[in-house]
Amino acid sequence: MRVDPTLLRTVHREVGDRLHREQQRRVQVGQVELAGIGEQQYSRKLIGDVVREHAEKLLARGESPLDPGTEQELAEGVFARMFGAGRLQRLLNDDEVENIDINGCDEAWVTRAGMAAHERVDAVATTDEELIELIQSLASYAGLNSRPWDAANPELDLHLPDGSRLSAVMGVSTRPSVSIRRHRFEKVELADLVGNDTITEEAADFLRALIHARFNVMIAGATRAGKTTLLRAMAAEIGPEDRIITIEKALELGLRKDVDRHPNCVELEERVANSEGQGAISLTRLVRRTLRQNPDRVIVGEVLGPEVIDMLNAMGQGNDGSMSTIHARSARDVFARIASYAIQSVEHLPHAASYQLVAGGLDYVVFISRHPKTGKRRLDSILEVNGFDETVQASEIFSAGPVGSAGWTGTMPAHIDRLAAAGWQPPGGGQGGW
């Protein structure tokens, strides 16, 4: 490579800063932010401007400018750093790849759609140092805030331009470790999940009614079960008249990208502390701030700790139609999981108080799973929260059968009138299977 790496980083940083200022200007004057092809085209213009200015500075100092070939290589290198991911890009461009795991530069593994087995693939970098620099470059302009990844900040969470979620660690492992969870579909609807047999048509009708009737829903499941995908599909049912505020550790829901469907959407992202340990803004703080931002619906991408208290308070105080996801082993395990998060909070909320919050704010728990051998995902269970009596009272109204069949359990939803007003009717008048 003929391009000086230091020059490449310098031009990349300058172009990124100019792009960020332009996005801020657009927000201030009420214009739509640049995205997709528009953002890439504008960035190419900025790259050309910065490279030309660099050549003019060299001439002003009496030095020879870069030859045309090197300038072209510099421009393409900057563009690749902003919108590509080096040798990683070939994996990100593969629609069948769902997950990428990297245990050092020369050990990369993928899992593909419909497959549970891990497949080893070619190296993604020449050295671990090159891998680290690649991830640092991706982190420089991902999300709303630059995210450092170095010895002082060994953990990294961010979303890539294609919506994939990246998690990385260094220092605490013998070699840098990177995991990328991909969203294979930029936009997903409940009909798409029906098409790949994750849910049945009847279940989709019920989930659609939950959104239209403005029930508060918690989507639960294990890692890689498809919680975020189901959340995005359900959120696609929210009407354009609603003001939505999303809160995430790293932006990945991408509701704001669908301007026609969600014209009034605000995305909030947790901010990590700087190298001096200052400037952090937690999920808990963002959830509390949300309540002052006049939301019709609040969506927390994933509940990971004490922010669950504020989320439930938001649900119980009138933000009907709000949603979130949570890690859990079963639908009923959700209540114990929430209680364990709440007792870790500053308030040290006891279990009984947590259960009362759940009963007062949460209406339904939707549990989704992934088969460990086939990798197939399916909707397993739906619980309806009925109240509080020393613990959370809940009835299972939907349960998947042992071979993929799914059925109405025979327990009539307590909210049947409200669901009916949203256009839902139980199959067979509430009898038989779905």
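Modeller: A residue is called exposed when its relative accessible area is over 50%, and buried when that area is under 20%. Keep in mind that this is a predicted model.

Biologist: Why is aspartate 197 called exposed?

Modeller: Its relative accessible area is 51%. Exposed means over 50%, so aspartate 197 counts as exposed. Aspartate 197 sits in the loop that links α6 (190–195) to α7 (201–212).

Biologist: What is the phi of aspartate 197, positive or negative?

Modeller: Aspartate 197 has a positive phi, about 65°, and is not a glycine. Most residues other than glycine have a negative phi. Glutamate 390, also not a glycine, has a positive phi of about 70°. Glutamate 390 is in the loop between β13 and β14 (392–400).

Biologist: How do you know whether glutamate 390 is buried or exposed?

Modeller: The relative accessibility of glutamate 390 is 69%. With the cut-off for exposed at over 50%, glutamate 390 therefore counts as exposed.

Biologist: What makes lysine 373 and valine 32 count as buried or exposed?

Modeller: Lysine 373 has 70% relative accessibility, so it counts as exposed. Its place is the loop between β12 (364–370) and β13. For valine 32 the value is 57%, so this residue counts as exposed. Valine 32 belongs to the loop between α1 (5–28) and α2 (36–60).

Biologist: How far apart in space are valine 32 and valine 259?

Modeller: Their C-alpha atoms are 9.0 Å apart, while 227 residues separate them in sequence. Lysine 373 and leucine 160 are 213 residues apart along the chain, and 28 Å separates their C-alpha atoms.

Biologist: Why is aspartate 380 called buried?

Modeller: Its relative accessible area is 17%. Buried means under 20%, so aspartate 380 falls in that class. Aspartate 380 is part of strand β13 (residues 377–388).

Biologist: Which residues is aspartate 380 in contact with, leaving aside its neighbours within four places in sequence?

Modeller: Contact means heavy atoms within 4.5 Å. By that rule, with those neighbours left out, aspartate 380 touches Phe367, Ile368, Ser369, Phe398, Ser399 and Ala400.

Biologist: What makes the pairing of the side chains of aspartate 380 and arginine 378 a polar contact?

Modeller: The two side chains are paired at 2.8 Å. A polar contact needs a pair of N or O atoms within 3.5 Å, one able to donate a hydrogen and the other to accept it. The pair is listed as a polar contact.

Biologist: How do you know whether glycine 387 is buried or exposed?

Modeller: Glycine 387 has 17% relative accessibility, so it counts as buried. Glycine 387 is also found in strand β13. Apart from neighbours within four places in sequence, its contacts are Ala359, Val392 and Gln393. Valine 287 is 100 residues from glycine 387 along the chain, with 24 Å between their C-alpha atoms.

Biologist: Why is helix α10 (residues 307–316) described as largely enclosed by the rest of the structure?

Modeller: Eight of its 10 residues are buried, so the description follows from that count. The buried ones are Glu307, Val308, Ile309, Asp310, Met311, Leu312, Ala314 and Met315. Their cover includes β7 (217–221), α9 (283–290), β10 (297–300), β11 (323–327), α11 (333–343) and α12 (351–361). Just after α10 comes glycine 318, with a positive phi of about 115°.

Biologist: What makes helix α8 (residues 227–235) mostly covered?

Modeller: Eight of its nine residues are buried. They are Lys227, Thr228, Leu230, Leu231, Arg232, Ala233, Met234 and Ala235.

Biologist: Now the whole protein. How many helices and strands are there?

Modeller: The protein has 13 helices and 15 strands. Its radius of gyration is 24 Å, close to the 22 Å that the globule rule gives for 434 residues, so the protein is as compact as a globular protein of that length. The C-alpha trace spans about 85 × 45 × 40 Å along its principal axes.

Biologist: What share of the 434 residues is buried?

Modeller: Buried residues make up 48% of them. The protein exposes about 20300 Å², and carbon and sulfur atoms supply 49% of that area.

Conventions:
Residues numbered from 1 in each chain as written. Predicted model: local features only at pLDDT ≥ 70, side-chain atom pairs only at ≥ 80, totals over all residues. Heavy atoms only, no water. Helix = DSSP H or I, 4+ residues; strand = E, 2+ residues; numbered from the N terminus. Rg over C-alpha atoms; globule rule 2.2 N^0.38 Å. Buried < 20%, exposed > 50% of the residue type's maximum accessible area, 1.4 Å probe, protein only. Areas by Shrake-Rupley, 256 points an atom, 1.4 Å probe, with all protein chains shown as cover.
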